[in-house]
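Here is a friendly walk through one chain, from its overall build down to single residues. Please keep the viewer open as you read.

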Amino acid sequence: ALSAAGSGAVGIAFYTLSLTRLARLIRDRRNLRLDYDGRVAVVRALSSLAPEGYRVYHDVPAEGFTIDHVLVGKKGVFALETITRPKPARAGGVEPATVAYNGHVLFFPRATDDHTVARAEKRAEWLSEWLGRATGEKVAVRAVVAAPGWLIKRTTAAGIPVVNPKQIPS
């Protein structure tokens, strides 16, 4: 039989495990909600282009990956990748969240992302090749990264467009 101290230790261990698991579930839910809200913001911005003759395709399946959004219209074909990141708490509540972009890397306040731009470029290249094979004509596809909720501060003119979804129509 377990002593009272042993039972207490087991109880504390289960309680700690439960709290850890609950914290992980809360974090995962918050991240899923952030991703969902970000995609909805991009979908809304893209759907505003339909009256101008643009066709929008979401979650386009490819070879081992999915292209978030493909936009086809009079200005060309665009493969959009969506990136969501939690914003830092604002000091004083006035300064908006800003991500710096040097043409290759996204510099968020708490993280550096050197994968999203490269991934968007590779997916646009894949789509260009796939469309070329399917149509028998060369099809240029331009990669774009959408960062919902963030102001984008470009530090150079190089690189693909990285935009807030509100900038997509332009």
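Helices (H or I, at least four residues) and strands (E, at least two) are DSSP runs, numbered from the N terminus. With that in hand, the elements of the chain run α-β-β-β-β-β-β-α-β-β-β from the N terminus on. The radius of gyration is 22 Å, well over the 15 Å that the globule rule gives for 170 residues, so the chain is more spread out than a compact globule. For that comparison, the radius is taken over C-alpha atoms, and the rule is 2.2 Å times the number of residues to the power 0.38. In total there are two helices and nine strands.

A word on the source: this is a predicted model, in which local features need pLDDT of at least 70, side-chain atom pairs count only at pLDDT 80 or more, and totals for chains, interfaces and linings use all residues. Residues are numbered from 1 along each chain as its sequence is written, and side-chain values use heavy atoms, with hydrogens and water left out.

**The chain as a whole**

The C-alpha trace spans about 80 × 45 × 30 Å along its principal axes. Of the 170 residues, 32% count as buried; here buried means under 20% relative accessible area, exposed over 50%, and partly exposed in between (1.4 Å probe, protein chains only). Taking a contact as heavy atoms within 4.5 Å, 52% of the contacts between residues at least 6 apart in sequence join residues at least 24 apart.

The chain carries 24 positive and 15 negative side chains, and the centres of the two sets lie 7 Å apart. In this count Lys and Arg are positive and Asp and Glu negative, while His and the chain ends are not counted. Each charge is placed at NZ of Lys, CZ of Arg, CG of Asp or CD of Glu.

Two strands pair if DSSP finds at least two bridges between them.

Strands E1 (residues 55–61) and E2 (residues 66–73) run antiparallel and are joined by six bridges. Across them, Arg55 stands opposite Val72, and Tyr57 has Val70 as its bridge partner. The two strands form a hairpin with four residues between them, and Gly64 in the turn has a positive phi of about 85°. Asp59, in strand E1, also deserves a look: its phi is positive, about 50°, although it is not a glycine.

**The four-stranded sheet**

A second open sheet, of four strands, has the order E6-E5-E4-E8, again with mixed pairing. Its edge strands are E6 (112–113) and E8 (151–154), each pairing on one side only. Strand E5 (residues 106–107) pairs with E6 in the antiparallel sense over two bridges, and Leu106 has Asp113 in E6 as its bridge partner.

Leaving aside residues up to four places away in sequence, Asp114 touches His104 and Val105. Between Asp114 and Ala9 there are 45 Å, C-alpha to C-alpha, and the two are 105 residues apart in sequence.

| Residue | Relative accessible area | Class |
|---|---|---|
| Asp59 | 44% | partly exposed |
| Asp114 | 43% | partly exposed |
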